[in-house]
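Reader: Hi! Could you walk me through this one? I'd like to talk about charged pairs and the surface.

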Amino acid sequence: MEIRSYLLPTLLATLLHLIVLGGLLTQWIGEREPERRMPRHIQAKMIDLDALGPVSAPQSRPVQDNTQKQEQARQAAEQKAAQERAQQQARQVAERQAAEKKATEKKLAEQKAAEKKLAEQKAAAEVKRKQDEALALKRKTEAEAKRKAEEKRKAEEQRLAQAKQQEREKASAKAKADAAAKAKAAADAKAADAKAKAVADAKATAAREQQRQAAARQAESVVGDIQSYIQALLQDNWRIPGTARNGMEAIVSIRLLG
């Protein structure tokens with residue numbers, strides 16, 4: 001008896017807690033996603049009262065009302081299910097469209113990024129090409145300027161060499177002319193000296209010849225006088241020894257003092 005007395009209150013308390021929990025859950029679910037209540041559709045029917053005749057069966061109306069309510073509930077459930085399916089399909093379509101839009105936007109963004117990268121690469125390549133062209137033009141200009149400077153330097157060196165060669169040739173020609181002039185002057189002087197010497201020699205020879213002839217004439221006269229004097233001295237001082245024989249010769253030494 002005590003077990004039965006505790007069992008009923010326990011069941012009632014459990015049922016009460018379940019009802020309260022269900023109400024709370026319903027309220028929480030309603031707060032998270034408010035239930036969209038669809039308007040109730042009433043199916044109207046036209047009834048011909050004359051055809052029905054006098055109302056003689058009031059007992060069948062509750063059955064008809066119950067059937068009509070069930071039909072309305074079934075139609076409402078079907079309509080709600082159709083609406084939920086339509087909403088689900090709409091959500092799926094929206095999600096698919098959003099995914100497609102996102103994929104399209106991503107593809108467009110990637111395409112724009114690729115086009116931007118390609119444009120940047122083209123711009124960088126164009127800049128590099130212009131830089132390479134400018135560098136090549138600069139190198140070509142520098143090489144041309146260097147070549148012209150080298151040609152100018154060589155031309156200047158050649159001009160200076162030619163000028164020096166001409167100066168050397170002029171100096172050599174002048175030196176040769178001076179040497180020829182000096183040689184000619186020396187030859188002329190030598191010829192003049194030779195001529196003068198020849199004239200002087202001729203004059204000296206003539207003078208010496210005259211002096212020799214005069215000296216010879218004087219010597220002849222003096223010799224003649226000395227010979228006579230010596231012969232006289234020898235004859236006065238000659239003493240023939242007793243041992244002399246025929247064919248003997250005597251050597252006389254005479255010293256003249258001037």
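Author: Happy to. One term before we start: partly exposed means a relative accessible area between the buried limit, under 20%, and the exposed limit, over 50%. Also, this is a predicted model.

Reader: Good to know. So is Glu156 buried, exposed or partly exposed?

Author: Glu156 has 35% relative accessibility, so it counts as partly exposed.

Reader: And which residue does the Glu156 side chain meet in a salt bridge?

Author: That would be Arg159, at 2.4 Å from N to O. Both residues lie in helix 3, three residues apart, which is about one turn of the helix. Arg159 is partly exposed because its relative accessibility is 45%.

Reader: Nice. How many salt bridges turn up in the whole structure?

Author: The search finds 10. Among them, Glu151 and Arg147 meet at 2.5 Å, N to O. Those two are four residues apart in helix 3, so about one helical turn separates them. Lys128 and Asp132 also form a salt bridge, at 3.1 Å, and they too are four residues apart in helix 3.

Reader: Which residues are linked in a network of salt bridges?

Author: Glu71, Arg74 and Glu78 are linked that way.

Reader: Switching topic: which residues make the nonpolar surface patch?

Author: Leu234, Trp238, Ile240, Val252, Ile254 and Leu256 make it, and the patch covers about 620 Å².

Reader: Where is Trp238 found?

Author: Trp238 sits in the segment after helix 3, the helix that spans 61-237. With 45% relative accessibility, Trp238 counts as partly exposed.

Key: Residues numbered from 1 in each chain as written. Predicted model: local features only at pLDDT ≥ 70, side-chain atom pairs only at ≥ 80, totals over all residues. Heavy atoms only, no water. Patch = residues over 30% accessible without salt bridge, like charges linked within 9 Å, V, L, I, M, F, W, Y side chains within 5 Å. Areas by Shrake-Rupley, 256 points an atom, 1.4 Å probe, with all protein chains shown as cover. Salt bridge = Lys/Arg side-chain N within 4 Å of Asp/Glu carboxyl O. Buried < 20%, exposed > 50% of the residue type's maximum accessible area, 1.4 Å probe, protein only.
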